[in-house]
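Visitor: Hey, I've just opened this one and I'm new to it. Can you walk me through it?

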Amino acid sequence: MMTTQYALIDGNNFYVSCERVFNPALEGKPVVVLSNNDGCAVARSNEAKALGIAMGAPWFKIRHLAQSHGLVALSSNYTLYGDMSRRMMTLIGQYSPDQEIYSIDESFLRFSGFEHWDLTAHGQQLREQVKQWIGIPVCVGLGPSKTLAKLANHYAKKRPAFNGVCNLSVLNARQVDALLADTPVGEVWGVGRRLTEHLAGYNIQTVLDLKQEPAATLRARFGVVMERTIRELNGIACYPLESEPAPKQQIVSSKSFGRPVTEQRELEEAVSDYVARAAEKLRGQGSVCGALQVFIETNPFIPGEPQYHNGAVTRLAQPASDTGALTRQALVGLRKIYRPGYRYKKAGVMLMDLIDGDQIQADLYGDTYNDHYATDRLNDLVDQLNRRYGQGCLRRASAGFTQGWRMRRENLTATFTTDWNGLVCAHA
């Protein structure tokens, strides 16, 4: 009988690990990677966690640890992390014909027809090769369902006895239940803080408690997702592997500014830049959008400062993915909602009413085929050049040149893998 096993491979402290690949001096030191505008800690090394630094801790509250404990703070280098993720996922995908890239640092594999393989040893080999070739430490969790594989990955990280690879399928039922009984229910994939509080009202405190609950009973109280979770905890796979991510129904591009913005011109630059990024993602999934929302807001955390936030939705005469057409619509919306006299902290755009690009119905009185062809070719060329030479290498003039409003990243490292100027030099 053929059995199917799932694996979850997760990069440990991924952002920090990417930085350590190119700066080994960071090994053993407390390191945090900060969010946009160097605001909060979004990644922490184990040494930083040992100092009691919580996820999301504001930098101004922990910066004193730089002097007292040698804490190193780095700005988010998303270009580097994205490229390192691509390399890591490509290598991981060689270990199974079926892969789902779940996030920037997580990947599911499905092993169907591998019943004669030692999957624990297979996981160790994967782990060692990723560390050797990419430089990123990973842990591997294996189980008969994606939920159990996710839990196994948690044990692989937290319990040294597993040596980075936990295979629940080689443990007997009593050993598995002992692990589940020692694990808070909030560690289950999809069980967040609020749901944990609701489950506590039914005396469900541990993963084992949840596993032993009647699935149909909890479905009546919490819905079908809870029923599937319980079945997955009992080894019944309910969630298939998604080798191709489903197209997004909305695409948002938004960032906080590096400093307050007051001028309409600078807001137009930022919105134009955000539209270009969103449009590239839109084309990447083969979609077009029928409506666009633009929004602006001040900083609500500055007491006594006048506050204003607003948004506007504009509809396109015909669904499109062309950066120029979307930019024009976004700027029309921005000019409707802009009000002088405010210090704006953030702006953004949301592309809505997305459909497959092949479903567009031709407009008898609209642009000709040749017009669409030329526009598509231009957008494809811009996308290719930006992927090759860096985001923003080519951009519309409306996005500005100096872009003084860009987010603050004072401790940004080089983009070692995608920029010739960032190449590491080895000296004899």
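Predicted model: local features only at pLDDT ≥ 70, side-chain atom pairs only at ≥ 80, totals over all residues.

Visitor: OK, helices then. How do helix 1 and helix 5 cross?

Guide: Helix 1 covers residues 14-22 and helix 5 covers residues 78-92. Their axes come within 10 Å and cross at roughly 90°. Angles of 65 to 115 degrees count as roughly perpendicular, so helix 1 and helix 5 are roughly perpendicular to each other.

Visitor: Which residues meet there, in helix 1 and helix 5?

Guide: From helix 1 you have Phe-14, Tyr-15, Cys-18, Glu-19, Val-21 and Phe-22. They meet Tyr-78, Leu-80, Tyr-81, Met-84, Ser-85 and Met-88 in helix 5. By class, that contact has 10 nonpolar, 1 polar and 1 charged residues.

Visitor: I see some rings in that list. How many aromatic pairs does the structure hold?

Guide: The structure holds 16 aromatic pairs. One of them is Tyr-15 with Tyr-81: the ring centres are 4.3 Å apart and the planes sit at 15°, so this pair is stacked. Tyr-15 belongs to helix 1 and Tyr-81 to helix 5, so the pair ties together parts that are 66 residues apart in sequence.

Visitor: And are Tyr-15 and Tyr-81 buried or exposed?

Guide: Both Tyr-15 and Tyr-81 are buried.

Visitor: Which residues do ring pairs link into a cluster?

Guide: Phe-14, Tyr-15, Tyr-78 and Tyr-81 are linked into a cluster by ring pairs.

Visitor: What about Phe-114 and Trp-117, how are their rings placed?

Guide: The ring centres of Phe-114 and Trp-117 are 5.0 Å apart, with the planes at 50°, so that pair is tilted. Phe-114 has a relative accessibility of 13%, so it counts as buried.

Visitor: Let's switch topic. How many salt bridges are there?

Guide: The count comes to 18 salt bridges. One of them joins the side chains of Arg-193 and Glu-197, at 3.2 Å from N to O.

Visitor: Where do Arg-193 and Glu-197 lie?

Guide: Both lie in helix 9, residues 193-200. Arg-193 and Glu-197 are 4 residues apart, which is about one turn of the helix.

Visitor: Is Arg-193 buried or exposed? And what does Glu-197 count as?

Guide: Arg-193 has a relative accessible area of 62%, so it is exposed. Glu-197 comes in at 49% relative accessibility, so it counts as partly exposed. The cut-off for exposed is over 50%.

Visitor: Got it. Which salt bridge does Glu-266 make?

Guide: The side chain of Glu-266 meets that of Arg-259 in a salt bridge, 2.6 Å from N to O. Glu-266 is buried, with a relative accessible area of 10%. Arg-259 is partly exposed, at 33%.

Visitor: And what does Arg-335 form a salt bridge with?

Guide: With Glu-268, where the closest N and O atoms are 3.0 Å apart. Arg-335 lies in helix 14 (residues 323-337) and Glu-268 in helix 13 (residues 264-284), so the pair ties together parts that are 67 residues apart in sequence. Arg-335 is partly exposed, with a relative accessible area of 47%, whereas Glu-268 counts as buried at 16% relative accessibility.

Key: Residues numbered from 1 in each chain as written. Heavy atoms only, no water. Salt bridge = Lys/Arg side-chain N within 4 Å of Asp/Glu carboxyl O. Helix = DSSP H or I, 4+ residues; strand = E, 2+ residues; numbered from the N terminus. Buried < 20%, exposed > 50% of the residue type's maximum accessible area, 1.4 Å probe, protein only. Axes fitted to C-alpha atoms, helices over the stretch in contact; angles between N-to-C directions. Parallel < 35°, antiparallel > 145°, perpendicular 65-115°, else oblique. Contact = heavy atoms within 4.5 Å. Nonpolar A, V, L, I, M, F, W, Y, C, P; charged D, E, K, R; others polar. Phe/Tyr/Trp six-rings, centres within 6.5 Å; stacked < 30°, edge-to-face > 60°.
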